[in-house]
Amino acid sequence: LLLLGIETTCDETAAAVVRRRADGTGAILSNIVHSQTEDHAEYGGVVPEIAARAHVEVLDHLVARALRAAGLRLDEIDGIAAAAGPGLIGGVIVGLTTAKALALAANKPLIAVNHLEAHALTARLTDKVPFPFLLLLVSGGHTQLVAVTGIGEYEKLGGTMDDAIGEAFDKTAKMLGLPYPGGPAVERAALQGDPERFALPRPLHGKPVPDFSLSGLKTAVRIEALKIAPLSEQDVNDLCASFQAAVVDILADRVRCALRLMRHQGLKPSALVLAGGVGANQSVRRALHKVAADGGTRLAVPPPELCTDNGAMIAWAGAERLARGLHDGLDASPRARWPLGEIEGVGAARAA
Ligand code: ATP
Ligand code: MG
Ligand code: FE
């Protein structure tokens, strides 16, 4: 199966072509990402209206480039996938409407993909990860631990009670005067910092349910920063290193808890899958590699450029669904909010 994938839920406009072979393995034929970071930089965050307009400006061109780079014409594609949510609704409408027009023009099936399911399934494109697996989804808008038993079969074990982890990185960066997006900036600064200089809290450590709470950690960074202001470059580096060390400890503890829960449910995870933008962080990857091994499984994580938003993950999720007979009508709705638990799965398709 050859799938075209379109991603426009946030501040990346992206298009890609992916192949899924009958044996379930995949290959990326093209993957083009246009980041709007510069359009939003002066505001310190994503401005929805600017994002939607920027998607409109570049999307047609990106789709044409993705097809050309794959060496394919539109009529050689088997399905058109677009992220239909969750995300900023203006951008979602742009991507989904474009996909509908292409599907109608080429008479191909449309697959309205959940952006979170796409993050979750990316590891199956780059690696061999049979069901069930434990998913740690850590992105700009989401922080969840999920038992994944099939396409569309997601049981949430725990989630954040306040901020997402990516959001905590972004807010910490902003507070310390580092550029947006905050994750990569904090990681770079942390490389030069002392992770033990500041004693920061690890909220919910040891709790039997794998939930997260980040707002106390963020506040603790603020308090430490105020105590020693004005901040030198070394102070900023040390605060970043201490913050990142706390995040890594929190993730490790919560994942251990989720692995125990899954075992109690009689599920043996084939892997711990790390997904979403925070998965690009090298300290997080290193720590979870060890947690997975100690927990009797292994870490499966896509390369950093496939952890953050991209078109290949949408195309791949579309391929996984189309391969199981799941596709959508041209009346599919864009959705600002769309939890993983509300995705139609294979069971529902069989029943229908
Ligand atoms: P969602 O997927 O929840 O809708 P999103 O699409 O905006 O949100 P992603 O693109 O998956 O999120 O990830 C972006 C987030 O990842 C940002 O918060 C960013 O700071 C964070 N991030 C990116 N790279 C790194 C890194 N190296 N270290 C830590 N965080 C990172
Ligand atoms: Mg983004
Ligand atoms: Fe995302």
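The shell of residues around ligand 1 comprises six nonpolar, 15 polar and four charged residues. These assignments rest on a predicted model. The shell holds 25 residues, of which Gly 140, Gly 141, Gly 166, Gly 183 and Gly 277 come nearest to the ligand. Two or more residues of the shell are given by each of helix H4 (115-126), helix H5 (165-175) and helix H6 (182-191).

## The five-stranded sheet

An open sheet is formed by five strands, arranged in the order S3-S2-S1-S4-S5 and with mixed pairing. S3 and strand S5 (110-114) are its edge strands, each pairing on one side only. On average, and with direction ignored, neighbouring strands of this sheet are turned by 20° against each other.

Strand S1 (residues 2-7) runs antiparallel to S2 and is joined to S2 by six bridges. Within this pair, Ile 6 lies opposite Ala 15 of S2. On the pairing of strands in general, it may be noted that strands of a sheet pair through backbone hydrogen bonds, in either a parallel or an antiparallel manner.

## The hairpin of S2 and S3

Strand S2 (residues 12-20) and strand S3 (residues 26-35) are paired over nine bridges in the antiparallel sense. Ala 16 stands opposite Asn 31 in S3. Together S2 and S3 make a hairpin, with five residues between the two strands. In the turn, Gly 24 has a positive phi of about 90°.

Helix H4 lies across S2, S3, S4 and S5, and runs at about 95° to S5. H4 is also one of the elements that give two or more residues to the shell around ligand 1.

## The pair H8 and H9

Packed helices are described in general by the angle between their axes and by the distance between those axes. The axes of helix H8 (residues 233-264) and helix H9 (residues 282-294) come within 10 Å and cross at roughly 30°. Since angles under 35 degrees count as roughly parallel, H8 and H9 are therefore roughly parallel to each other. The crossing in which H8 passes H9 is right-handed.

On the side of H8, the contact involves Gln 244, Val 248, Leu 251, Ala 252, Val 255 and Arg 256. These residues meet Ser 283, Val 284, Ala 287, Leu 288 and Val 291 in H9.

Notes
Residues numbered from 1 in each chain as written. Chains lettered and ligands numbered in written order. Predicted model: local features only at pLDDT ≥ 70, side-chain atom pairs only at ≥ 80, totals over all residues. Axes fitted to C-alpha atoms, helices over the stretch in contact; angles between N-to-C directions. Helix = DSSP H or I, 4+ residues; strand = E, 2+ residues; numbered from the N terminus. Parallel < 35°, antiparallel > 145°, perpendicular 65-115°, else oblique. Left-handed = near helix turned anticlockwise from the far one by under 90°. Contact = placed C-beta atoms within 7 Å. Near = placed C-beta within 6 Å. Nonpolar A, V, L, I, M, F, W, Y, C, P; charged D, E, K, R; others polar. Pairing = 2+ DSSP bridges.
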